[in-house]
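Keep the viewer open and click along.

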Amino acid sequence: MRKSTLMEKVTQRTISSSSSTTFFLCFFIFSSSILFLAGKSAAKVSYDGDNDDNVTALFIFGDSFLDAGNNNYINTTTLDQANFPPYGQTFFGLPTGRFSDGRLISDFIAEYAKLPLIPPFLEPGDSQKKLCGVNFASAGAGALVETFQGSVISLRTQLDHYKKVERLWRIKFGKEESKKRISRAVYLISIGSNDYSSPFLTNQSLSVSMSQHVDIVIGNLTTFIHEIYKIGGRKFGFLNVPDLGCFPALRILKQKNDSCLRDASILASIHNKALSNLLFKMQRQVKGFKFSLFDMNKSLKLRMDHPSKFGFKEGEEACCGTGKWRGVFSCGGKRIVKEYKLCENPDDYIFWDSLHLTQNTYKQFANLIWNGGHMSDSLVLGPYNVNRLFQIS
């Protein structure tokens, strides 16, 4: 039998000498998981968070902007997976399933909230790790079931997965305690980008008008929010849809000039206005509903237009890929096109591949999401920032 490591001894001593709290242990697991995933030695830590009321859990839903690796465990193609190099190289030193060179917005938010890296729902292993939250997001997912259907985990299915966790929490903590934890949790959501980009990426036409298409997406999202609210969720953080037409993968679809793909950008704009209207309406009409809305669209535009102002050297071309702007989705050489080039320093780039952003970009966005939220701040809309959502009991 191996000797206990220093980390384990400290943990055991702490647990035995005081009433351990989920907050402390989540923080400890956070430190351990960072060390482990960075390729350093870390102890395996087990814990029991049954007796504490202090932790605010983080539940994550949506698409590849937030997917921490759920698609590693489903039957899909490499178009919707990032479990091969050079993905993950900057921070983890190995691919984790995240569509970036390192961490995502949700990873930084968890860090700021003193939580561990929130595990993917489908990741096998110790269920105790999921007491601090669960990541349900799936790369390629949309609010529409039809979006990349059969290859991803739709928002509707993500909701089903959440309901399974909620039922397990009721069994573990009891009805009343589980209800408190569900109400105290923060729900981080990024959805819509695939609903609007997929028609262009798959060379299909919309069967309805742009406005009608957005209405259907927003309708599904509204149903999703009300379902979470019905179960007990009250605190929501949203990312709006970025200017999709200016992403390298969509720009290369435009034949005539170097401008952004106009229709994709218009869809994002219509969606963002409708999303903002929905959330402010819910704030007025739904008791206890609290939200923060990050304007990822405007934040990304500012960086693309003035990269040097934000510490970047390249605002249009992706770090990894091939073709003009490295807009061909070939990073890692495991997809349809095998050829790809890789930049020397991803921190200099806004885009990691033709459809996703670098860790540096995500970190800047996470800082805004966490620290913003004043009504005068045009990048974070609504009465709260995510930091404040975590503080509200």
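Let's start at helix H6, where Ser 193, Asn 194, Asp 195, Tyr 196, Ser 197, Ser 198 and Pro 199 are buried. Bear in mind that this is a predicted model. Overall, the protein has 12 helices and 10 strands, and buried residues make up 56% of its 393 residues. Take the contacts between residues at least 6 apart in sequence: 70% of them join residues at least 24 apart.

**Helix H6 and what sits on it**

- H6 spans residues 193–201 and is mostly covered, with 7 of its 9 residues buried.
- The cover over those buried residues includes helix H7 (210–231), helix H8 (248–251) and H9.
- Just past the end of H6, Asn 203 takes a positive phi of about 60°.

**H7 against H9**

- The H7 and H9 axes come within 10 Å and cross at roughly 40°, and the crossing is right-handed.
- On the H7 side, the contact is made by Met 210, Ser 211, His 213, Val 214, Val 217, Ile 218, Leu 221, Thr 222, Ile 225 and His 226.
- On the H9 side, the residues in that contact are Asp 263, Ile 266, Leu 267, Ile 270, His 271, Ala 274, Leu 275, Leu 278, Leu 279 and Met 282.
- Setting aside neighbours within four places in sequence, Ser 276 is in contact with Leu 293 and Leu 381.

**Helix H10 and its cover**

- Which residues of helix H10 (residues 296–305) are buried? They are Met 296, Asn 297, Ser 299, Leu 300, Arg 303 and Met 304.
- Both strands and helices contribute to the cover over them, including strand S4 (235–239), strand S5 (290–294), strand S6 (314–318), strand S9 (349–351), helix H9 (262–285) and H11.

**H3 against H11**

- Helix H3 (residues 105–112) and H11 have axes that come within 8 Å and cross at roughly 50°.
- That angle makes H3 oblique to H11, and the crossing is right-handed.
- H3 brings Ile 105, Phe 108, Ile 109 and Tyr 112 to the contact.
- H11 brings Gln 359, Tyr 362, Lys 363, Phe 365, Ala 366, Asn 367, Ile 369 and Trp 370.

**The loop at Thr 90**

- Thr 90 is in the loop between strand S1 (58–62) and H3.
- Thr 90 and Asp 101 are 11 residues apart in sequence, while their C-alpha atoms are 5.3 Å apart in space.
- Not counting residues up to four places away in sequence, Thr 90 touches Asp 101, Pro 346 and Gln 359.
- Gln 359 also takes part in the contact that H11 makes with H3.

**Aromatic pairs**

- How many aromatic pairs does the structure hold? There are 26 aromatic pairs.
- One of them joins Phe 84 and Tyr 87: the ring centres are 5.5 Å apart and the planes are at 90°, so the pair is edge-to-face.
- Both partners are tucked away, since Phe 84 is buried with a relative accessible area of 5% and Tyr 87 is buried at 0%.
- Trp 370 and Phe 390 also pair, with ring centres 5.6 Å apart and planes at 45°, so this pair is tilted.
- Trp 370 lies in helix H11 (residues 359–371) and Phe 390 in helix H12 (residues 386–391), so the pair ties together parts that are 20 residues apart in sequence.
- Trp 370 and Phe 390 are buried, and Trp 370 is also among the H11 residues that contact H3.

**Charges over rings**

- The charged end of Arg 103 sits over the ring of Phe 91, 3.8 Å from its centre.
- Arg 251 lies over the face of Trp 325, at 4.0 Å from the ring centre.

Key: Residues are numbered from 1 along each chain as its sequence is written. This is a predicted model: local features need pLDDT of at least 70, side-chain atom pairs count only at pLDDT 80 or more; totals for chains, interfaces and linings use all residues. Side-chain values use heavy atoms; hydrogens and water are left out. Rings of Phe, Tyr and Trp (its six-membered ring) pair if their centres lie within 6.5 Å; planes under 30 degrees apart count as stacked, over 60 as edge-to-face and the rest as tilted. Buried means under 20% relative accessible area, exposed over 50%, partly exposed in between (1.4 Å probe, protein chains only). Helices (H or I, at least four residues) and strands (E, at least two) are DSSP runs, numbered from the N terminus. A charge sits over a ring if NZ of Lys or CZ of Arg is within 6 Å of the ring centre and within 35 degrees of the ring normal. Contact means heavy atoms within 4.5 Å. Axes are lines fitted to C-alpha atoms, for helices over the stretch in contact, and angles run from 0 to 180 degrees between N-to-C directions. Angles under 35 degrees count as roughly parallel, over 145 as roughly antiparallel, 65 to 115 as roughly perpendicular and the rest as oblique. A crossing is left-handed if the near helix is turned anticlockwise from the far one by less than a right angle, and right-handed if clockwise.
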